[in-house]
Amino acid sequence: MPRDWQDERNGDLDPDGLERRVEKLVKINAVLMDRVERSMDQQGNAFSLFQTAIGLDAKVRSRTEELTAVLRRLECSNEALIEAKDEAERANLSKTRFLAAASHDLLQPLNAARLSISVLSELQKSDDARRLAGRVDQSLQTIEDLIKTLLDISKLDAGVVTPDFQFFPLDEVLTRLEASFAPLAGAKQLTFDVLRSGLLVHSDPLLLQRVLQNLISNAVRYTKQGGVSVSVLRRGSDCLIDVVDTGCGISENERETMFEEFYRGTAAAKSDHAGLGLGLSIVQRTVQALGHGLEVESTLGKGSTFRLTVACAGPAPSVAFTQTTDHADLDVTRGAAVVMIENDRQVLEATVGLLDKWSCRTLAATRLEALEPALTALGCAPDIVLVDYNLDEGRTGVDVVRALRARFGPNLPAVVVTGDQSPAVAADVKAAQSELLRKPTRPAELRALMTHLLGTVSAPKS
């Protein structure tokens, strides 16, 4: 035991010593109290933090559960959307396949009807009868345009149109368009000017031609006086193709809706030759598929300008490309020996009737083998071959062309006619170095093509 305590217990402490001990105890007590207070503060802070942590944990858990529920709903919605999208795409592709398969069967009787109407019109002597035949032909043309346009839209929407990009002279496309639309513009007493450029462009020639064809067709249809012009301008690496008309024009508030299906502007709807309202929709979809630019400027009542921007590769190489426009040259078909293979008898009879009116010597059948006696009796090579692409027994018109060229020589001119719009068919015909003609066949187009092909070979037999 310490001596101080022992002395205190013994009563030996003096007053001074006792006072010193009291002071010492006071200091010790103060230190102890300070430690206790600090300890209590620390415990209070820890408890407060503990309570805060528990509250935050509860909030985090609640928010996590909410987010998890939202994510699950989003996943379910995404799965439903993906399934709906896949189903819609399957339905769209199914529709496209159906239209592609049905288009041939739809166009076959239409082709026969148009050819028959052409023959009937030539047989009529009275003006009234010819006008009536012309109205029937115009109605058939409307049906043809509707079928082809619906098929085009279906293919573009389904994304099955794959552009075949290549470099080609733009003037070749313009020349074909001029040959098609100059007579239509002339019939309406409109001027029709095509300003060529000699440029080489990079695009799909078939799709580009169809875009320009729709633009020019609208321009001619909705122009009552003045004219239509197609001009080409090079600007850097771009080729600018302008289709300009002096027609009814498009109001500013219709610019956003004019590319919708079956939409016809107010001024256009009043026209006597209003279309189906599908041409510009086809143009927009095709231009997007090609990656080209399209701009529109229009003034109501004064006309419109549609500008197409295509990649330019510089001047085209010099190529001899001429278009026969002299009507006297149409006599080149007179006496020409034409081999025709068509498995649809209505189309066959209608085409034979048309060729007979052109004074052709026609050897026609549904199968090539059936023409063997006639070919033997001919005693020489025919002048031209006119054959349908889809024949019986899985054979194609290209097979017939190759068989005839193997027999009569590789330079035998050939025209393959088809209602199939697929690029594969066009590529097959092109690979066979033959001309492709789409159904329904326009008599004037067929005669012009035959005249061009016959004019590049020796004169036909008389």
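Which loop does Gln189 lie in? Select Gln189 and follow the chain both ways: the loop runs between helix H4 (170–187) and strand S2 (191–195). Keep in mind that you're looking at a predicted model. Gln189 has a positive phi of about 60 degrees, even though it isn't a glycine. Most residues other than glycine have a negative phi. Gln189 is also exposed, because its relative accessible area is 73% and the cut-off for that word is over 50%.

Next, jump to Gln433. Its loop sits between helix H11 (423–431) and strand S12 (435–438). With 66% relative accessibility, Gln433 counts as exposed.

**The whole chain**

Zoom out for a moment. The protein chain holds 12 helices and 12 strands. Of its 462 residues, 37% count as buried. The accessible surface comes to about 26400 Å², and 54% of that belongs to carbon and sulfur atoms. Now think about contacts between residues at least 6 apart in sequence: 72% of them join residues at least 24 apart.

**Along helix H2**

Select residues 15–123, which make up helix H2. Leu18 has its place in this helix. Show Leu18 together with Val22 and Val26, and you have a nonpolar surface patch of about 250 Å². Leu18 itself is partly exposed, at 41% relative accessibility.

Now pick out Glu75, Glu79, Glu83, Asp86 and Glu87. What do these residues form on the surface? They gather in a patch of negative charge. Glu83, one of them, lies in helix H2 and is exposed, with a relative accessible area of 54%.

**A stop inside helix H5**

Go to Gln209, in helix H5 (residues 205–221). Is Gln209 buried or exposed? It counts as buried, because its relative accessibility is 18% and buried means under 20%. Leaving aside residues up to four places away in sequence, Gln209 touches Val173, Arg176 and Leu177.

**Salt bridges**

Side chains of opposite charge can pair when their charged atoms come close. The count for this model is 6 salt bridges. Start with Asp242 and Arg307, whose side chains meet at 2.8 Å, N to O. This pair links distant parts of the chain: Asp242 is in strand S5 (residues 238–245) and Arg307 is in strand S7 (residues 303–315), 65 residues apart. Asp242 counts as buried at 11% relative accessibility, while Arg307 is partly exposed at 22%.

Then select Glu372 and Arg407, a salt bridge at 2.9 Å, N to O. Here too, distant parts of the chain are linked: Glu372 is in helix H9 (residues 372–378) and Arg407 is in helix H10 (residues 397–408), 35 residues apart. Glu372 is partly exposed, with a relative accessible area of 35%, and Arg407 is partly exposed at 42%.

Conventions:
Residues are numbered from 1 along each chain as its sequence is written. This is a predicted model: local features need pLDDT of at least 70, side-chain atom pairs count only at pLDDT 80 or more; totals for chains, interfaces and linings use all residues. Side-chain values use heavy atoms; hydrogens and water are left out. Patches are made of residues with over 30% relative accessible area and no salt bridge: like charges are joined within 9 Å, nonpolar side chains (Val, Leu, Ile, Met, Phe, Trp, Tyr) within 5 Å. Accessible areas come from the Shrake-Rupley method with a 1.4 Å probe; for residues, only the protein chains shown count as cover. A salt bridge is a side-chain nitrogen of Lys or Arg within 4 Å of a carboxyl oxygen of Asp or Glu. Lys and Arg count as positive and Asp and Glu as negative; His and the chain ends are not counted. The place of a charge is taken as NZ of Lys, CZ of Arg, CG of Asp or CD of Glu. Helices (H or I, at least four residues) and strands (E, at least two) are DSSP runs, numbered from the N terminus. Buried means under 20% relative accessible area, exposed over 50%, partly exposed in between (1.4 Å probe, protein chains only). Contact means heavy atoms within 4.5 Å.
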